Amino acid sequence: MSFRPKNIALALCKRGLGLTPRQRIVALIVGALVVTLLFGRGVYLWTFEAAIQEMRGNAHHRLDLYSASLEREIDKYANFPYVMGFDAAVMEMLSKPGDMALRQRANLYLERLNQRVGTLAVFVLDKPGRVIASSNWNKPDSFVGRDLSYRPYYQHAGIDHVERFYGIGTTNNEPGYFLSTSLHIGGEVKGTGVVKVSLEQLERSWSSAESPAILSDDHGVVVLSSVPAWKYSTLQPLDEAARQQIALAQQYNNRKLAPVGMAVRRVFDANSRIVYLPPVANNDASVFTTSGLFLAQTRMMPGTPWHLTVFSDLKKADDFAQMRAALGSLGMAFLWGLFLTFLQRQKHVRELVLARSALQRAHDELERKVIERTADLSAANERLQEEVEERSRAERTLREAQSGLVQAGKLAVLGQLSAGIAHELNQPLAALSTLSGNAVKYLERGDVQTASSNLDRIGPLVERMGHLTGQLKTFARKSTGGPRAVPLQKSIDNALYLLHHRLVKGMVNVAIDAREGDAQVWCDPNRLEQVLLNLIGNALDAMEEQENRRLEIRSYCEGDFVCLLIRDNGPGLSVDSLQHTFEPFYTTKAPGVGLGLGLAISAGIVRDFGGELKATNSPEGGAVFSLTIPAYKETRL
C-alpha cells in the first residue's frame, strides 16, 4: 500500500465512527465550517483590537491639538480681567459708585477695551453683584443695571484668581466664556471685573475635522460641538441636583438639555471607551458620520472641570477587521478546500485559484492605501514644523522692528532738539572765545589778576557744556529696555534740562507739584526720558499761539503705581484727536512737521513698562496727558 497523502485521507474517512460515507462528508464539512468560523472570529477580534489601539494613539494626538488650541484661545484673554483693576477710572468708580460721571468714564474705557481686544463684552459688577459699567452701555441689550449675583463667576471670583464659566447670556441669549476676577484696593474687594469671549471660531474649526469632537462641562452638558445638533445636549441624563444647580445659575437660559442618547458598549479605562451614538436628525451638512459605534477618547481640561472628547468612527476599523476576518476565513477555507479537493480529486481548482488572486489584489490595494496615508501624514507634519519656524522668525523680526522704531523715535526727538541745543552751546562758546582772548591780552599787559578772573569764569561754562553734551549722549544711547529703579524727579529734571532753551525762548512758566518727591518707578530710565521729552515737547507746541504759557507737571502715588500728569494751557484736544491720539501716523501738526509716531511709540513704551498712557482735556482748558508707571518695590528684585 502506498503512503501517499491521498491514501491517508481516504483511510481517515473510512475509519469514521461507523458513519456512512455521506455522513462522513457532511461531518467533515460541518467541522471545517466551525473551525473556519472560529478562526475568522479570532482574526476579526485581533485585527479590531489592533485597529482600536492605533486609533487610540491617533485620538490622543488629536486631543493634544484640540486641547492646545482651546487653551491658547482662552489664554489670550485670561489676563484681561486684571487689566480693569489697573484703570484709575474703574477703581475710582467702584470707590464712588454713585458718581455718574465716573460711571460714564468707566463705560467709555470698557467700550474701548472691548473693541481693541475683540471680546464679546467687558463689564464691572459692584460688590453686591450688580452691573454698574459695561462695554455695551449704549446698546439696547446693555448689561448695566442687571443683577448677576446668581452667576458662579461672581460668586467664586477671588483676588489674584481668574474664575472661568461658560453660559448663555440672559440678556441677549448669546453664549460665551466668562473670565472674572475680584477688583480690590489694598486687599479690600470693591467689585468684580468680567470679560466675555466667544469660542465659536474654535467650534467652527472643529467642524472641518475628520470625526466629531465635543467639549462638555462638569454636568456632562455639551457646550462646544462639531455637530450642531449635539450642542446643549447631555451625554447622560441629568439628575435633579444637577438640573437645580444649572437652573439657579441660569447657565443655559432654560434650554431643554436633552440627552444625546449615547450608550457605553465597552470601557477600556477612565478616559477611553466604545460608545454607540444614535442617528442625528437634520445632519446632512456634516462631513463625517455621527451615528454608530465610536471610540470615545476623553481628557480633562487643566484648571477646569471640563472634558474634551473626540469620537473616532469604528466603521473603518470594523470593515477592516471584517475584511481581515474574511481573508483569514478564506485562507482557512482555502486550506480546507485543498484538503477537500485532495479528497475529491482536485474539485473546483479554478475557483480556488481565482479566490487567491482576488485576495492578493485586495491585499495590494490595502498596502497601497497604507503607504499613501503614511506619506500624507509625514507631509502634514513637515508643513506644521515649517509654519512654527516661520512664525518664530516673524516674532523675532517684529521685536527687532519695535526696538528700532523706539530708537528712531529717540533720534527724531534729538533732531527736533538740535537747533535749540546748538543755540545753548553757541552762547558758552562765544563767551569762551571772548574770555580766552581777553585773558591773553591781560597776560600780555601783565595784569595777571584780571586774566586769572577770566580763566576762572571759563570753568563753569565748560562744565555747563559738558553736562549738556553728557545728557545728549546718555539720551541718544540705544537702551536695552531692562527695567530698574528710576527716580522720577530726576527724569523730569533731565527732560526739562534738554528742553531748557524752548522753555526760555517761549517764556513758559513751569509749575511742578511732586507730592512724592522721592518716588521711584520701575522702568528703563532712557525710555522714560524719551516719553517725557515727547509729551513736554508736544505741550510746548500746543502753546505756541498762547500769550501766557503755563506748563503744569504733577505726580502722586496711587497703590502700586506712580501717576504723572502733564497739562498745558493750549487749545486742548478735539473729539477726533481724543479717539485717534495714540494711533500711528496720526498728527494734527502741519505737513512735514511731524510723522505722527511720537505718541504711538510713547504709548507702546509705557505699556512695556506695565503702565498706561491716556489723553484727556482739562475742565480748565488745555490737554492733560496722564502717565501711570509701576512703582519700584524691593520685591521686584
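Q: Is Cys523 buried or exposed?
A: This is a predicted model, in which local features need pLDDT of at least 70, side-chain atom pairs count only at pLDDT 80 or more, and totals for chains, interfaces and linings use all residues. Residues are numbered from 1 along each chain as its sequence is written, and side-chain values use heavy atoms, without hydrogens and water. Buried means under 20% relative accessible area, exposed over 50%, and partly exposed in between, with a 1.4 Å probe and protein chains only. The relative accessibility of Cys523 is 0%, so Cys523 counts as buried.

Q: Which cysteine sulfur is nearest to that of Cys557, and how far away is it?
A: A disulfide is a pair of cysteine sulfur atoms within 2.5 Å, and the structure holds 0 of them. Cys557 is therefore in no disulfide under that cut-off. The nearest cysteine sulfur belongs to Cys563, at 8.3 Å.

Q: How does Cys557 count by relative accessibility?
A: Its relative accessibility is 39%. Because of that value, Cys557 counts as partly exposed.

Q: What is the order of the strands in the open sheet of 5 strands?
A: Strands (E, at least two residues) and helices (H or I, at least four) are DSSP runs numbered from the N terminus, and two strands pair if DSSP finds at least two bridges between them. Strand 2 (131–134) and strand 3 (163–168) are the edge strands, each pairing on one side only. The pairing is antiparallel, and the order is 2-1-5-4-3.

Q: Which residue of strand 4 is the bridge partner of Arg164?
A: Strand 3 and strand 4 (residues 175–185) run antiparallel and are joined by 6 bridges. In strand 4, the partner of Arg164 is Leu179.

Q: What angle does the direction of helix 4 make with that of strand 4?
A: Helix 4 (residues 88–95) packs on the sheet and touches strand 1, strand 2, strand 4 and strand 5, where contact means heavy atoms within 4.5 Å. Axes are lines fitted to C-alpha atoms, for helices over the stretch in contact, and angles between N-to-C directions run from 0 to 180 degrees. The angle with strand 4 is about 70°.

Q: Which residue takes a positive phi in the hairpin of strand 6 and strand 7?
A: Strand 6 (residues 213–216) and strand 7 (residues 222–225) run antiparallel, joined by 3 bridges. Between the strands lie 5 residues. The positive phi, near 85°, belongs to Gly220.
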